[in-house]
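This report looks at how two chains are arranged and how they meet. It then turns to selected residues and charged pairs.

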Number of protein chains: 2
Amino acid sequence: MAITLGLDVGGTKVLGVAVDAGGTVRAERRVSTPVGLDGLRRALVEAAEALRADTAGDETRAVGVGLPGLVDRQGVLRTGPHLPEARMWPAAAELGHALGLPVRVDNDANVATWGEARAGAGRGVGHVVMVTVGTGLGGGIVVDGTLVRGANGFAGEIGHLPVVSGGRVCPCGQAGCWERYASGTALGMLAREAAAAGRAPAVLARAGGSTAEVSGEHVTDAAAEGDRAAIALLAELGHWLAVGLAGLVDVFDPERIVVGGGLADAGDLLLGPTRAALDRMVMGHDVRPSVPVVPAALGERAGAIGAALLAREPVESARG
Amino acid sequence: MAITLGLDVGGTKVLGVAVDAGGTVRAERRVSTPVGLDGLRRALVEAAEALRADTAGDETRAVGVGLPGLVDRQGVLRTGPHLPEARMWPAAAELGHALGLPVRVDNDANVATWGEARAGAGRGVGHVVMVTVGTGLGGGIVVDGTLVRGANGFAGEIGHLPVVSGGRVCPCGQAGCWERYASGTALGMLAREAAAAGRAPAVLARAGGSTAEVSGEHVTDAAAEGDRAAIALLAELGHWLAVGLAGLVDVFDPERIVVGGGLADAGDLLLGPTRAALDRMVMGHDVRPSVPVVPAALGERAGAIGAALLAREPVESARG
C-alpha cells in the first residue's frame, strides 16, 4: 500500500505518522522537539526513517512537514517563532535531499486544517474554516476543497485579523489582533481581571489565591466543575471567538467551522456561547443557514495527518 | 464570434455590455434603474435584447447579472438593499426563462472583482483582493484564479469585517464593521469632525460653511487642489483602509490589491498612505514581498464586464 509520512513540529514535541490514502494512521512516532536547527533537522530525518521502518512492507511516496512560522511555497521557512536561527531555512530541499523523497513543507496551522478538512471534523465538506484556540490563535481555510495558501504560501494567518484596531498590543507588532482577545492567553487575562475584582473566587482559589498566577486552565477546570464565574468567562471568550469568526463567515461563507486546540476541550461551555453570538453577528443571518461550529476530531494528530495528506496533493504553481 | 452579455444593476443605473472572450466590450447600453422589481425585470430583459440586436452577427452564449445584495449559488437574490420586495427573487431562473439563454447571477461586488481580475487591474494574477471604496465598502476575493463564492454564494462581504468590535454602529446590525471606518461615508464623518473642530476650513468652505453639509467629496475636491487638511483626512482614511487590508493579506496572501470605487479617483492621495500603512501592518512584513496596491482599471464597467465573463465560466457545484 502506498503511504505518506507526516511530521508536525510543535513547541514541545515532533509528532510523526505514516498515513494511507484515507488518512488512517499506520504508524506513529514522537520525540521531544530538540533545541536548535541542527537537532531539529536530525530529529525529522530520524523520525521519517523510523516510520519507514515501521511500515517496511509499504511504499513511502512522499513526506509532509508542518513547521510553525511563515513557510513559502518552495518549502522555505522564512521565519519561525521557535527557531530564530532558522530564518530562510530551505526545509523542503534539505529534508528531501536527506530522505531521497519528495518533501512538502507548510505552516503547522495549515497542515492541521488540511488534516481536519480531509480526515477529521471537516470531512466531506468543501468550504471549511478551521480555528485552533490554544495559547494563541491559529487556523486555516479550505475553499472549494483546496487549502488556501496564497501567492507566497503565507495565507491563513487568521489570528492577526484586526478586531479591535489600536487595542491590545500583539507580539506581531500590531495592536488589536484577534488572538489577543480569543485565545488561552486572552482567557487568562480576562480571568486575572475578574479575580482581581473579586468576581472569580473559585478560579482564584485554584491559582493558590494569587491573582498573577491565574491562567486559562484554572478557568476551564473550574468551569468543568460548574463554577458560574468560570462559565461566564468562557462565554465571554466565546463572544470574542465569534467576533472574528463572523468576519471569516462574511468573507468565506463556509459550510462548517472546526474549532481545535486546547480550549476546544471546554466543549459546549465555549462553543455554545460562540455559536449563539456568531448566529447574531453574521451579515444577513436572517436569510442564510447557520454555520455549524464543531470541535476538531483528530486532536494532537491533526497536523501530522494533514502534513501526510498534503504530501499527496499535486504541487500547484505559485502563480494561480 | 461568441459573446456573452453582462448586466450590472446599480443604485442609479443598469449598465449592460456585450463582451468577447478577451473581455473587450463590443456594445454597451445603459438605462436608469427602475423603481420596483417588475420594472427591473423588464429593464434587464430589454437591455439584454438590445445588446443582442447591437451584436446581431455574433452568437450570444450566456448572460451574467450583478445584483446588490446576497445572491445564492442558484442565482436567487435572498435580500438586497434597494429591492425590499425582491426577497428570495429567483433572478437567474426568471431571466433565463425570459431570454432563452443561460443566466448567471452573482453579487455586484463579486462580478466587479471578476471583471478587474480577468480584464482589468488584476489581469494575469492568480491571487487578488479587490476592494471598492464608494459610499460603502465592498469587494471580492480571487484565490488561485477562481472567484471565492463560498458554500452559499455569499462570500466576499469584506466590508463587514469587524475592525473595531463594539465601535461605530453599522446598518448591518453589528458595530465596528470596516465599512464604518473606510468608505466615503466614513470620510464624510472624519471631515465633519475636523470641520467642527476648526481643522478643515477649506473643506468647510466647499460645504457653504455648514458643518452638517460636509461630505467626502468636499474632501477629495479640496485635496486635489492641495489643501493640506484635506490631504491629511485622506491619509487618515488610508490608515483605516490599510487596517482591513492587512487582515485580508494575513488571511489570503494576495499578489495584488485592486482598489476601485469613487474614492479610488483620489489616486495616490489615498493609495500612498494606504500602501505605507499596509506595509507596516502585514504580519511578517520584514520577510515577505510588499503587496502592490493598484487602482482599478475598468471604472464603472467593471461589474458589467465581470458579469459577462463570469457567465462564461463553468458552473461549479454548490458543495466543493
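By what turn and what shift along the axis can chain A be laid on chain B? A turn of 180° and a shift of 0.0 Å along the axis do it, with an RMSD of 0.0 Å. That is the relation of a two-fold axis. The copies are superposed by least squares on the C-alpha atoms of residues with pLDDT of at least 70 in both.

## Basis of the report

This is a predicted model, in which local features need pLDDT of at least 70 and side-chain atom pairs count only at pLDDT 80 or more, while totals for chains, interfaces and linings use all residues. Residues are numbered from 1 along each chain as its sequence is written, chains are lettered from A and ligands numbered from 1 in the order in which they are written, and side-chain values use heavy atoms, with hydrogens and water left out.

## The interface

In chain A, 51 residues are in contact with 51 residues of chain B. Contact means heavy atoms within 4.5 Å. The copies meet through the same surface, because 100% of the interface residues of chain A are also interface residues in chain B. Chain A and chain B bury about 4,200 Å² between them, and 58% of it is on carbon and sulfur atoms. A:V251, A:M283 and A:V287 supply 15% of the area that chain A buries against chain B, more than any other three residues. Buried area is the accessible area (1.4 Å probe) that two parts lose on being put together, summed over both.

Polar links also cross the interface. The rule finds 22 residue pairs in polar contact there, both residues at pLDDT 80 or more. Elements of chain A that give two or more residues to the side touching chain B are β6 (77–79), β9 (137–143), α7 (228–252) and α8 (268–281). The largest share, six residues, comes from α7(A). Helices (H or I, at least four residues) and strands (E, at least two) are DSSP runs, numbered from the N terminus. A polar contact is a pair of N or O atoms within 3.5 Å; within protein, one must be able to donate a hydrogen and the other to accept it, and residues adjacent in sequence count only if both atoms are side-chain atoms.

Four salt bridges cross the interface of chain A and chain B. A salt bridge is a side-chain nitrogen of Lys or Arg within 4 Å of a carboxyl oxygen of Asp or Glu. B:D144 forms a salt bridge with A:R73, with the closest N and O atoms 3.7 Å apart.

## A buried aspartate

B:D250 lies in helix α7 (residues 228–252) of chain B. B:D250 is buried yet has no salt bridge. Buried means under 20% relative accessible area, exposed over 50%, partly exposed in between (1.4 Å probe, protein chains only). Which side chain of opposite charge is nearest to B:D250? That is B:R288, 4.5 Å away. Lys and Arg count as positive and Asp and Glu as negative; His and the chain ends are not counted.

The side chain of B:D250 reaches the backbone nitrogen of B:M283 at 3.0 Å. Leaving out residues up to four places away in sequence, B:D250 touches residues of both chains, among them A:F154, A:E157, A:H160, B:V282 and B:M283.

## Positive phi

Most residues other than glycine have a negative phi. A:M88 has a positive phi, near 65°. A:M88 lies in the loop between β6 and α2 (91–99) of chain A and is partly exposed, with a relative accessible area of 48%.

Phi of A:D253 is also positive, near 50°. A:D253 sits in the loop between α7 and β11 (256–260) of chain A. A:D253 is buried, at 0% relative accessible area.

## Salt bridges

Over all chains, the search finds 36 salt bridges. A:E28 and A:R30 meet at 2.7 Å, N to O. A:E28 is partly exposed at 28%, and A:R30 is partly exposed at 43%.

A:D54 and A:R29 form a salt bridge at 2.8 Å, N to O. This pair links distant parts of the chain, 25 residues apart: A:D54 is in helix α1 (residues 37–54) and A:R29 in strand β3 (residues 25–32) of chain A.

A:E225 and A:R206 meet in a salt bridge at 2.8 Å, N to O. A:E225 lies in the loop between α6 (216–224) and α7 of chain A and A:R206 in helix α5 (residues 201–206), so the pair ties together parts 19 residues apart in sequence. A:E225 is exposed, at 64% relative accessible area, whereas A:R206 is partly exposed, at 35%.
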